[in-house]
Amino acid sequence: MTPKQVDLFVIGGGSGGVRAARVAAQHGARVALAEEYRLGGTCVIRGCVPKKLMVMASRFGQEFSDAAGFGWTLGERHFEWPRLKAQVDAELTRLEGAYGSTLRNAGVELHAERALLEDAHTVRLTRSGERFHAARVLVATGATPQAPAIPGAELASSSNEFFLWPTQPRRVLVQGAGYIALELANLLQRLGSEVTVVLRGEKILRGFDEELRDHLQAALVSQGLRFVTGAALTSITRTHRSGLGLRATLDSGEVIEADAVLRALGRVPNTAGVGLDVAGVALDAHGAVRVDEFSRSSVAHIHAVGDVTNRVMLTPAAIREGQAFADTEFGGRSVPVRHELIPTAVFTTPELGVIGLTEAQAVQQHAAVDVYSANFRPMKATLGGGSTRTLMKLVVARASDRVLGVHIVGPEAGEMIQLLGVAMQMGTRKADLDATLAVHPTAAEELVTMRLPTRRHGG
Ligand code: FAD
């Protein structure tokens, strides 16, 4: 059978692929897209969305206890994992359906199976065997959880399996201390599991501002999360041949028994078995597709967006790259993507919201830096209880008065940092924040009312 001709074949129906396919079709291109698992990809099906819903579920316990301080008397309460799971799954199915209809309405031809490149222009669907001749190909295959080669590694769950757990394990061991590890560990613990986090380093969240790392780690410990630092797992075995219990041995010799081991040690670009080698697409040392600012690979008509390029592994980055690709290749506009000033959140409780340089990075890059910070008890805690304090921090270049970084730990930090991202894009100066009237009483008002530096570096 002669291959079907398309202007664009998109491999992967996640955040980046879906956006690119829809916009390219709206620009008039003939587009086909293959997704081997579920439309929506990692973010919608087994990432951001189910995670955030579960984080929301995990916050009610504290809300219920706080309510007593505000005059409420509540009856007996208990949490049922299967009920939450059913609700979350129904929402994911709804979203998956919505993605399908949006793409079909835009004219995208959808294929629910795996696709791979046979040569630089030919895409083959592996189940049906159907072939396409594509003028352009977009690789949007995402990333996959990293698995350490230790005995018994197959007994651990990755985040992919976590979202399929039918029941809540009583004791969980989490490997890793990046944002995904902490979000899942924290929500499990707040929903009633006993959670131990094992990390190689001494501190969580490598790459974040040191003060935030310390603040969050202490807050998580005070909630009952146990950290075993400077350690790694060497093996996992079953406690009983037929039972569900697991025994994890650490390199320190410590043995931890758990009902589930969740490994969250990072994600690697999903480039294996896609036929990129036969198409001549160059990969970098981490196995990511090497691309330029237009997401163009080493083969001019093959592009790649999202996690598979290992630039910034976040949904908004994948979407931005997908949109820019479609506008550039099919919309007659040349849109490069720059990965600077990315506001980001960590949905632990308390939440983190950050943008820009950490204090240490700012001091390295600028001769004189002022740090303004506020550390306070959230208003709700005055009647509600709870000991976690909010921390807000502005990192400012003294010479130019430019705000270089904003770092927040506390309720709604993600919402706050989204809006501060706008100000940062506009090159906000400390004087602009000072000139902004506060909204009272809010936590965010602290960001515009810090007058004296808490620390001065250089100059
Ligand atoms: P994906 O969304 O992974 O999509 C790739 C798709 O390609 C997949 O659906 C896959 O099945 C399909 N595929 C792969 N190979 C083939 C093939 N050969 N043929 C057909 N289909 C194929 N980001 C945030 O911004 N905020 C968050 O809060 C957040 N939370 C996260 C929580 C977790 C637990 C995880 C794992 C990730 C989270 N992320 C978050 C990251 C975010 O999910 C990713 O950055 C985003 O999904 C990347 O989009 P993508 O299009 O590159 O890849």
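Predicted model: local features only at pLDDT ≥ 70, side-chain atom pairs only at ≥ 80, totals over all residues.
Is the crossing of α3 and α4 left-handed or right-handed?

1. Residues are numbered from 1 along each chain as its sequence is written, and side-chain values use heavy atoms, with hydrogens and water left out.

2. The crossing of α3 and α4 is right-handed. A crossing is given this name if the near helix is turned clockwise from the far one by less than a right angle, and is called left-handed if the turn is anticlockwise. Helix α4 covers residues 81-106, and its axis is 10 Å from that of α3, at an angle of about 145°. Axes here are lines fitted to C-alpha atoms, for helices over the stretch in contact, and angles run from 0 to 180 degrees between N-to-C directions. Helices (H or I, at least four residues) and strands (E, at least two) are DSSP runs, numbered from the N terminus.

3. On the α3 side of this packing are Val49, Pro50, Leu53, Met54 and Ala57, which meet Trp81, Leu84, Val88, Glu91, Leu92 and Leu95 of α4. Contact means heavy atoms within 4.5 Å. By class, 10 of the residues in this contact are nonpolar, one is charged and none is polar. Ala, Val, Leu, Ile, Met, Phe, Trp, Tyr, Cys and Pro count as nonpolar, Asp, Glu, Lys and Arg as charged, and the others, Gly among them, as polar.

4. The ligand is surrounded by 37 residues, and the closest are Gly16, Glu35, Thr42, Lys51 and Asp307. The shell has 15 nonpolar, 14 polar and eight charged residues. Its largest share, four residues, comes from α2.

5. A polar backbone atom of Gly16 is 2.8 Å from a ligand oxygen, and a backbone N or O atom of Thr315 lies 3.0 Å from an oxygen atom of the ligand. For Leu314, the corresponding distance is 3.3 Å. A polar contact is a pair of N or O atoms within 3.5 Å.

6. Two peptide bonds deserve a check. The bond from Thr349 to Pro350 is cis, with omega near 5°, and Pro350 lies in the loop between β17 and β18. His440 and Pro441 are also joined by a cis peptide bond, with omega about -5°.

Key
Near = heavy atom within 4 Å. Polar contact = N/O pair within 3.5 Å; in protein donor to acceptor, adjacent residues only side chain to side chain.
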